[in-house]
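Dear colleague,

Please find below the structure I am handing over to you, followed by a summary of what was found in it. I would be grateful if you would read the summary with the structure open.

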Amino acid sequence: MPDSTAIASPGDYIKQHIRTVPDWPSPGVQFRDITPLLANPRVFRVLIDQFVHRYFDVKPSAIAGLDARGFIIGSVLAYELNIGFVPIRKKGKLPFTTVEETYELEYGSATVEMHTDAVKPGDRVVLIDDLIATGGTMMAGMRLLERLGATVIEGAAIVDLPELHGSDKLRAAGLKLFTLVSFEGH
């Protein structure tokens with residue numbers, strides 16, 4: 001029988017499969033690349049199972065995923081939980097009537113949108129993305145969902161970058177957060 005101490009926790013196992021790309025997209029940035037998680041079917045299953053087990057008994061009304069990597073995790077999670085998926089996209093990508101929210105970036109601003117009929121008052125939604133850095137995208141997604149009357153029961157991400165204080169900002173705004181791993185540095 002294998003030694004159980006040699007088995008990594010799910011979080012450690014997931015973290016081992018996140019690639020760090022130095023100096024991308026600009027010098028000094030340590031980009032945390034989740035694509036190796038997606039390429040390996042065993043790791044991808046462990047990743048998705050962490051979220052499924054967290055939300056199975058919570059019974060949210062929908063999963064809202066942030067453009068674009070939140071779509072990958074969010075849509076699979078919604079499928080596994082047998083609930084709907086709501087895409088929150090970059091401005092100009094959705095064909096129907098939308099609501100929008102602009103947020104600040106390090107150099108400038110960005111806008112995300114959601115269809116006006118994507119959620120209804122009283123819906124309980126989990127908002128998901130791959131990573132929390134400054135928290136701007138997730139904050140904008142939360143505001144959109146709340147504007148349409150939904151309750152964001154939790155924000156979820158694979159990775160937290162605590163040095164950028166996005167998770168602190170989101171918690172201060174009242175959003176409960178769940179992340180699987182954290183990395184120091186940018």
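**Aromatic rings and their neighbours**

Phe85 has a relative accessibility of 28% and therefore counts as partly exposed, as the value falls between the limits of 20% and 50%. Please note that the model is predicted.

Three aromatic pairs were counted in this model. In one of them, the ring centres of Phe51 and Phe178 are 5.9 Å apart and the planes meet at 85°, so this pair is edge-to-face. Phe51 belongs to helix H3 (residues 41-55), while Phe178 belongs to strand S9 (residues 177-182), so the pair ties together parts that are 127 residues apart in sequence. Both Phe51 and Phe178 are buried.

Phe85 is itself part of an aromatic pair, with Phe71 as its partner. This pair is also edge-to-face, with 6.0 Å from centre to centre and 85° between the planes. Phe71 is found in helix H4 (residues 69-81) and Phe85 in strand S4 (residues 84-90), so the contact ties together parts that are 14 residues apart in sequence.

With kind regards

Definitions and conventions: Residues numbered from 1 in each chain as written. Predicted model: local features only at pLDDT ≥ 70, side-chain atom pairs only at ≥ 80, totals over all residues. Heavy atoms only, no water. Phe/Tyr/Trp six-rings, centres within 6.5 Å; stacked < 30°, edge-to-face > 60°. Helix = DSSP H or I, 4+ residues; strand = E, 2+ residues; numbered from the N terminus. Buried < 20%, exposed > 50% of the residue type's maximum accessible area, 1.4 Å probe, protein only.
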